[in-house]
Amino acid sequence: MGNSSLATYINITKTQKNSPRSAAIDTITIHCMAAQWTAKTCCDYFANADRGASCNYAVGYDGSIGLNVDECDRSWCTSSSANDNRAITIEVASDSYAPYAVKDVAYNATIELVADICKRNGIAKLIWSTDKNTRVNHLNGCNMTVHRDYAAKACPGDYLYGRMGDIAAAVNAKLEDNMTGEEIYKALTDYAAKLSVPDWAKDEYRLAIDAGITDGTDGMAFIPRYQAAIMAYRAAKKGTGE
């Protein structure tokens, strides 16, 4: 998993996190700081044991990027344990008043950071929805949430909220442009590895394992033709009693 090499400042909170996170990373949650801080100032603020909050990354008004909670750990950022256990949370420097505007350099650095996070964690595409129910229930592949989904807060502010679709599009363009065929395949296989065999298939899947047709590992992984052919051959042999 690791962390982003884009982070040039690191101040890991010792207490305001859960280690390790309890879910695979599949979500991005972007917040506003409500302060025009550098990444260092934000990370130092959250590293204080009295704050009761933290974030995985901070993006400063000057485009600086800091790490406050390792990606393998859950930050305390979104008023939702369920969300923060599956999300990378990012605090972005902003004005302290509505609409909590973000400077261009910070906005662009956020896109670069999110693209890097997605690439390393097998998130092949970002999907945003303006519908809260779709976001919190991750319907239709939606994998972007916001703080206001879980608490009575303005965060991430209307400036960023109104640009979430643009952020997703910009990140997706970078993922498509920068990923080789091997990287795309790895991203998809990493995503499939996070999925579980559906309940309706479990009984027959177990029978197939017991029959020696498959070894039962990576039940949701993609299957190339040679593996499909071998499994079909094994099944045919079982059927003929060979």
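Here is a short tour of this protein, from its overall build to its salt bridges. The model is predicted, so local features need pLDDT of at least 70 and side-chain atom pairs count only at pLDDT 80 or more, while totals for chains, interfaces and linings use all residues. Residues are numbered from 1 along each chain as its sequence is written, and side-chain values use heavy atoms, leaving out hydrogens and water.

**Overall build**
- The protein has nine helices and eight strands; these are DSSP runs numbered from the N terminus, with helices being H or I of at least four residues and strands being E of at least two.
- Along the principal axes, the C-alpha atoms fill a box of roughly 75 × 35 × 35 Å.
- Of the 242 residues, 42% are buried (buried is under 20% relative accessible area, exposed over 50% and partly exposed in between, with a 1.4 Å probe and protein chains only).
- Among contacts with a separation of 6 or more, 69% come from residues 24 or more positions apart (a contact means heavy atoms within 4.5 Å).

**Helix α3**
- Helix α3 covers residues 104-120, and its end C-alpha atoms are 25 Å apart, which agrees with the 24 Å that 17 residues should span at 1.5 Å a residue (the expected span is 1.5 Å times one less than the number of residues).
- Its buried residues include A106, Y107, I111, L113 and D116.
- Just after α3, G122 takes a positive phi of about 70°.

**Salt bridges**
- Side chains of opposite charge can pair when their charged atoms come close.
- The structure holds ten salt bridges (a side-chain nitrogen of Lys or Arg within 4 Å of a carboxyl oxygen of Asp or Glu).
- R86 and D26 meet in one of them, at 2.7 Å from N to O. R86 lies in helix α2 and D26 in the loop between β2 and β3, so this pair ties together parts that are 60 residues apart in sequence.
- Both ends of that pair are partly exposed, R86 with a relative accessible area of 25% and D26 with 21%.
- E112 and K174 also form a salt bridge, at 2.7 Å from N to O. E112 belongs to helix α3 and K174 to helix α6, so the pair ties together parts 62 residues apart in sequence.
- E112 is partly exposed at 39% relative accessibility, and K174 is partly exposed at 27%.
- R148 and D158 meet at 3.1 Å, N to O. R148 sits in the loop between β8 and α5, and D158 in helix α5, ten residues apart.
- Salt bridges that share partners join E71, D116 and R120 into one network.
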